[in-house]
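Q: Hey, I'm new to this one. Can you walk me through it?

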Amino acid sequence: MVGWATGVFRFVLLTPHGKLLDCRAGSVVVPGHDGQIGVLRNHAPLLCKLGLGLVRVEEIAGRKNACFVVNGGFARVSENHMAVLAYDVTTFEEMEEGEAQALLAQARDTIAAGSRGRADPTEVQKARLILRMAKYTGVEPVPATDEPAPA
Amino acid sequence: MAGTRHILERRAAARNIGKVTHTMETVSSVRYRQYFRMWVEGIEFYDTLAQLAYLIVTSERPIEHPLMETRDATRQILLVIGSNRGLCGAYNGNLCRLVDVHVRMAKRFGRELEVYTHGRKLTHMLRQRRIPIEREFDEFDEVPTPDQVRDICDGFVEAYRANRVSRVAVVYTRFFSPASQKAQTLTILPMPDLIDDLTTRATVIWPWELAFEDFILSPSAEEIFDGLATLMVRAAVQGCFLEAALSEHLGRVVAMRNATDNAEEMIEQLTREYNRARQWQITNELLDIVGGALAAGK
């Protein structure tokens, strides 16, 4: 397919438990097994194995950018349709504020345990990605101290 | 005719049973709806997986992979997915019958079966039939987490790669639609059977316009297939557990609805019986009074 790389294309993120995102996006970045892969409209057909990293979906019509942490899976791009198949996905999408904070706190604990050598390196890497995802999606971490947050 | 007190006791018992069965029906129908939503939303995942599998196996240069090759070992693994609780009609019974067929076939063709189970009720039924069980997966209630599925599948794939077993199959109740569920066997390994099953039940339209050769591959086809095979096995096992839980809850909803209807019918019948007994008792008492009055009048 030949054409300009500007415009939108369909993106779906699928897991065995359901569809996490189905939208028309302008740009998608996925963590390939050997580095990040950026996809724009009219991309050539592509079949790619994914590693551990962030899936960033940008320029979505009618909503803000979306971000997911995936650990393995596949991406298929063909005919302006991109499907990401993933088994292990973490996201703040459709999550209550309390749940998101609990996930962030858990990620911080994992990183702390990892620095003492008491956590699985993959889990530590995943926890770091969760913190990056929080920064990217604008989920503000609650200060760790008991003092109230500044207004 | 039974005494009125006895009838009242029976009616109270029937009423209590009716309440219990109605509650079980409500609980199962809520769970059923949750699982059904998951099942419907997961269809697209399996369809896309089927498309990928179809693309890879229809490539001009056939892909060679250890999980595609047949093995000559005599052992076979059977994972039987049943329920932890009873009261769901013939759900566990049908699975037991299917396992019986596998055991007989294995005996006939000189194969050894390694049976893995999930579900206390089913495991108990299989033990009663003296079917040896290698291991019972009881770490989760109904549907395992991705990590638990990974642990289960990795063991099976390892056994197949090491040529210790020649086949890995799952016996479960497949959920075709809310009107049709059936106990059946799905072969997970060797892969051709699983790919066959995935592609034939997919809801996508075949054949696809694009061919495998049109795609840019990263990494090589063999490595992609290796990852895809693992994903397919895990997703298939996860799907089996989900469909089994879905069928179990639907079976329980139907069984409990029938039980509630029967209890209501029994309550009605016992109420009629009680009224008849009460009237008979009153008539008897009246006759006694009249008889006594007549005797006193003489």
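Q: How many residues does each chain put into the contact?
A: Chain B gives 25 residues and chain A gives 21; two residues are in contact if their C-beta atoms, placed from the backbone, lie within 7 Å. By the way, this is a predicted model, where local features need pLDDT of at least 70, side-chain atom pairs count only at pLDDT 80 or more, and totals for chains, interfaces and linings use all residues. Residues are numbered from 1 along each chain as its sequence is written, while chains are lettered from A and ligands numbered from 1 in the order in which they are written.

Q: Which element of chain B supplies the largest share of the side that touches chain A?
A: Helix 6 of chain B, with nine residues. Helices (H or I, at least four residues) and strands (E, at least two) are DSSP runs, numbered from the N terminus.

Q: New topic: at what angle do helix 1 and helix 5 of chain B pack?
A: About 125°, with their axes 9 Å apart. Axes are lines fitted to C-alpha atoms, for helices over the stretch in contact, and angles run from 0 to 180 degrees between N-to-C directions.

Q: Which residues of helix 5 of chain B make that contact?
A: I195(B), L198(B) and T199(B).
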